[in-house]
Every structure is written in C-alpha cells, then in structure tokens.
Amino acid sequence: MMENFKIIGISVQTTNQNNQAATDLGQLWGSFYQEEISKQIPNRESDDVYAIYTDYESDYTGSYTAIIGHRVTSLDDIPNALTGREIKNEKLLRYIAKGEMPNAVVETWKEIWANDIALYRTYHADFEVYVEKSQQGEDSEVEVYIGVR
C-alpha cells in the first residue's frame, strides 16, 4: 500500500483563500515542466508525478505546502532548490478524478471540501498521482488520496 513514501520535488507555500492556490499551483506546475524538474530528481522510483499537500496550518482553509515531484528511494541526495519529504499516512481514502484536467481534479477537491467534517481528515499529507492516464483529454483519470483517521 502507498501510505508511506519519500518524495523530492519543487514546492510552494499557499492557501485556498482568495483563489491563491489556483495561481500558485498553476505557476508550480508550469515551473515543473519548463525547468524539467524530473531530470533533476535523483533516485526516482518511476515517471509518475505526485502532487503532495502537507504542512497544513489548520484545515483546508489555512495555509499549506504543495510539492510537485516524484517518489524516490532515498532522501540522502536532495538537490538545491528542491524539497524532500517523507509522507506518512496510516489510512487513506481514494478518489478518482475523471475528465479534462485540471478541472476534474478541482471538482474532486470541491467535493472533498464539502464533505470535510464527515471525512475525519488528518491533514498530515494528501496527494494526487498523475500516471499516463492523466494525459488523455476528457478521458483522463487522476487518483486523489486523502489521509483520514
């Protein structure tokens, strides 16, 4: 199971207030591809791209850190300007965002936020996994994992 793993990537501190995350995450994704961050990440486990949300100040209304990168076998070698983290969750809830990206992922998050109290989220780390299937226009699929108690 994927509860515990290591990640290296680029990061930004953001918040969902005033649509700030939409701007910050758009820029982060742009940088990830323009600067070819994948090529800078040592000890990569695969080409799957992970978007991690962690360091929550409170809940989804507070500030948090977003990291876009790859799973790695080791955090011993973290290049300058990149962020390394160990992601730990005891239990995960999985959603599948289907449709045109990034809209499908945004809609999935809105659904998660609307049910926030019922989900008993831990706010340790939540993440999205982008595999080959995530690049197929309106037939795209992205897995979204939420840490829960």
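At a relative accessibility of 3%, Tyr50 counts as buried (buried, under 20% relative accessible area; exposed, over 50%; partly exposed, in between; 1.4 Å probe, protein chains only). The model is predicted, so that local features require pLDDT of at least 70 and side-chain atom pairs pLDDT 80 or more, whereas totals for chains, interfaces and linings use all residues. Residues are numbered from 1 along each chain as its sequence is written, and side-chain values use heavy atoms, with hydrogens and water left out.

The structure contains 14 aromatic pairs, defined for rings of Phe, Tyr and Trp (its six-membered ring) with centres within 6.5 Å; planes under 30 degrees apart are stacked, over 60 edge-to-face, and the rest tilted. Phe5 and Tyr50 form a tilted pair, because their ring centres lie 5.3 Å apart and their planes meet at 55°. Since Phe5 belongs to strand E1 (residues 5–15) and Tyr50 to strand E2, this pair ties together parts that are 45 residues apart in sequence; strands (E, at least two residues) and helices (H or I, at least four) are DSSP runs numbered from the N terminus. Phe5 is buried, with a relative accessible area of 4%.

The rings of Trp29 and Tyr33, with centres 6.1 Å apart and planes at 15°, are stacked. Both residues lie in helix H1 (residues 20–34), 4 residues apart, about one turn of the helix. Tyr33 is partly exposed, at 47% relative accessibility.

Gly62, in the loop between strand E2 (49–54) and strand E3 (63–72), is buried at 4% relative accessible area. Contacts of Gly62, excluding residues up to four places away in sequence, are Thr14, Thr15, Asn16 and Glu57 (heavy atoms within 4.5 Å).
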